[in-house]
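Please keep the sequence and the model in view while reading.

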Amino acid sequence: MRNTQDAALIERLTPADAAVPQLGQAACDSPKCSGAFIEDESGVLVGISRQNLADPETVPVFFEEAGPRRQLFFSPHKTKVAVVTCGGVCPGINDVIRSIVMEAHHHYGVAAVLGIRYGLRGFIPACRHDVMELTPDAVAEIHEFGGTILGSSRGPQAVDEIVDAMERLGIGFCVFIGGVGTMRAASAIRDEITARELPMGVVCIPKTVDNDIHFVSRTFGFATAVEQAAEAIACAHVEASGAPYGIGLVKLMGRQSGFIAAEASMGLKHVNMVLVPEDLFALDGPGGVLDVLEKRLRSRGHAVIVAAEGGGQHLVDDTGRFDPSGNPVLGDFCGLLAARIKAHCKAAGLPITLKAIDPSYIIRSVPANTADAVYCGFLGRLAVHAGMAGKTGLMIGSVNDRFVHVPLRLVTGERKRVDIASDYWQAVLDSTGQPRFAQAGG
């Protein structure tokens with residue numbers, strides 16, 4: 001299913017955009033036993049539509065395929081690998097850490113894998129966080145738990161101090177596990193490393209429960225979060241259908257992108273309305289949310305509404321505040337929505353019962369399900385392969401069901417969002433039966 005925002009971004013790419021930086025000549029034989037070494041020339045076509053391939057003016061763009069290389073830049077037994085997790089937690093982080101450690105130790109025989117505690121703060125001497133040595137024994141069971149064994153944090157830290165710390169630790173390459181903000185930081189760190197002409201690599205693994213990173217078909221933990229969200233929706237449906245004019249209102253994560261709300265609603269067919277940040281819907285007037293809700297209640301007697309946390313921000317006052325990562329602190333749209341529903345239905349003579357459910361931190365704090373755990377294993381191993389080969393300034397992405405190396409400059413500019421003109425959003429409307437709402441100010 002296609003999100004046309006991705007298609008528009010792909011159309012602007014050139015072969016130069018897809019080039020991955022290399023620390024230097026890879027001249028060390030890999031100790032890894034593999035019958036499937038990948039050559040650097042092996043690529044994955046980005047645009048696969050007939051229109052893209054048939055257009056004589058279009059130059060095909062290929063991302064470098066991810067996987068183990070026969071020749072390495074780093075000598076394994078002399079190399080230290082660092083791992084750092086930043087931002088909010090999501091299902092599967094420990095699975096990724098475990099995969100990195102197991103691959104680095106068992107298949108490459110690296111000197112050490114160092115865990116940086118509490119995000120980028122762990123590099124800063126003044127924060128006084130000890131480095132954790134990650135051995136196979138230390139990580140053997142961590143995939144059974146949610147969160148991250150390393151801890152995490154938000155907010156910027158001094159890039160020069162981070163690179164100083166990496167030098168002191170003798171790190172060959174560092175794996176950054178995080179979202180768009182983390183990748184912006186990693187890109188700045190890589191620029192500082194390059195300016196100092198240091199042989200240190202930067203490899204990123206995309207982590208965001210909101211699934212809002214370009215050139216990643218789905219981020220790890222997203223499937224688990226959707227599964228957990230569906231359980232909350234099922235509870236809301238029980239509450240709504242158990243009372244006359246019952247309404248279940250579920251608030252789900254999604255600051256700027258409504259993928260969790262959309263996916264969970266399509267997965268569980270009880271949802272009647274989905275409100276996402278990308279849709280600037282009107283509350284009042286014909287075709288507005290309240291009008292559609294009233295008609296639903298009069299015809300069916302109950303309703304389930306799913307709202308992403310960033311939905312409806314165009315209808316609430318700007319808080320003017322920011323969190324440590326620089327993200328705007330959101331207004332309480334769900335609180336406003338609940339109050340407006342009660343007032344509207346009272347005026348309409350509908351004696352509603354409204355139950356609001358907010359499972360936000362529950363859905364991101366659980367261990368990964370099987371599908372996500374398998375996916376995390378691939379991401380961790382592929383990050384080690386890329387780092388050992390001397391690749392730098394890249395993210396492990398996925399295009400057309402193939403894992404690829406995506407240059408960081410392509411993923412740090414903007415977030416992936418639901419395109420409400422796409423067939424993906426139309427599928428949400430078809431599943432819920434909701435109309436296209438009247439737009440605010442329209």
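**Notes on the sheets and helix contacts**

1. An open sheet of four strands has the order E11-E12-E10-E13, and its pairing is parallel. Two strands count as paired if DSSP finds at least two bridges between them. Strands (E, at least two residues) and helices (H or I, at least four) are DSSP runs, numbered from the N terminus. The edges are taken by strand E11 (273–275) and strand E13 (353–357), each of which pairs on one side only. On average, neighbouring strands in this sheet are turned by 15° against each other, direction ignored.

2. The model is predicted: local features need pLDDT of at least 70, side-chain atom pairs count only at pLDDT 80 or more, and totals for chains, interfaces and linings use all residues. Residues are numbered from 1 along each chain as its sequence is written, and side-chain values use heavy atoms, with hydrogens and water left out.

3. One place to look is Gly-246, which stands opposite His-302 in E12.

4. What is the order of the strands in the nine-stranded sheet? This open sheet runs E2-E3-E15-E14-E9-E8-E5-E6-E7, and its pairing is mixed. Strand E2 (43–45) and strand E7 (132–133) stand at the edges with a single partner strand each, so one side of each has no neighbour in the sheet.

5. Both senses of pairing can be followed in the nine-stranded sheet. E2 and strand E3 (residues 62–65) run antiparallel and are joined by three bridges; there, Gly-43 has Glu-64 of E3 as its bridge partner. Two bridges link E3 to strand E15 (residues 402–407), again antiparallel, and Glu-64 stands opposite His-405 in E15. By contrast, strand E5 (residues 80–85) and strand E6 (residues 112–116) run parallel, with five bridges between them. In that pair, Lys-80 stands opposite Ala-112 of E6.

6. Helix H5 (residues 159–169) lies across E5, E6 and strand E8 (171–178), and runs at about 135° to E8. Such angles run from 0 to 180 degrees between N-to-C directions, and the axes are lines fitted to C-alpha atoms, for helices over the stretch in contact.

7. Helix H7 (residues 222–241) packs against helix H8 (residues 259–267) at an angle of about 60°, with the axes 9 Å apart. H7 and H8 are therefore oblique to each other; angles under 35 degrees count as roughly parallel, over 145 as roughly antiparallel, 65 to 115 as roughly perpendicular, and the rest as oblique. The contact (heavy atoms within 4.5 Å) involves Phe-222, Ala-225, Val-226, Ala-229, Ala-230 and Ile-233 of H7, together with Phe-259, Ile-260, Glu-263, Ala-264 and Ser-265 of H8. By class, these residues are nine nonpolar, one polar and one charged. Here Ala, Val, Leu, Ile, Met, Phe, Trp, Tyr, Cys and Pro count as nonpolar, Asp, Glu, Lys and Arg as charged, and the others, Gly among them, as polar.

8. H8 also meets helix H13 (residues 423–432): their axes come within 9 Å and cross at roughly 45°. That makes H8 oblique to H13. Phe-259, Ala-262, Glu-263, Ser-265 and Met-266 of H8 form this contact with Tyr-424, Ala-427, Val-428, Ser-431 and Thr-432 of H13. The contact has six nonpolar, three polar and one charged residues.

9. Which hand does each crossing of H8 have? The crossing of H7 and H8 is right-handed, whereas that of H8 and H13 is left-handed. A crossing is left-handed if the near helix is turned anticlockwise from the far one by less than a right angle, and right-handed if clockwise.

10. Helix H3 (residues 93–108) and helix H12 (residues 370–388) have axes that come within 8 Å and cross at roughly 45°. H3 passes H12 in a right-handed crossing. Residues in contact include Asp-95, Val-96 and Glu-103 in H3 and Arg-381, Val-384 and Met-388 in H12. Eight nonpolar, four polar and three charged residues make up the contact of H3 with H12.

11. In UniProt, an unreviewed entry lists residues 80–385 as "domain: Phosphofructokinase". UniProt positions follow the numbering used here, feature names are shortened, and annotations may be inferred rather than shown by experiment. Over residues 80–385 the chain is 41% helix and 16% strand, with the end C-alpha atoms 14 Å apart.
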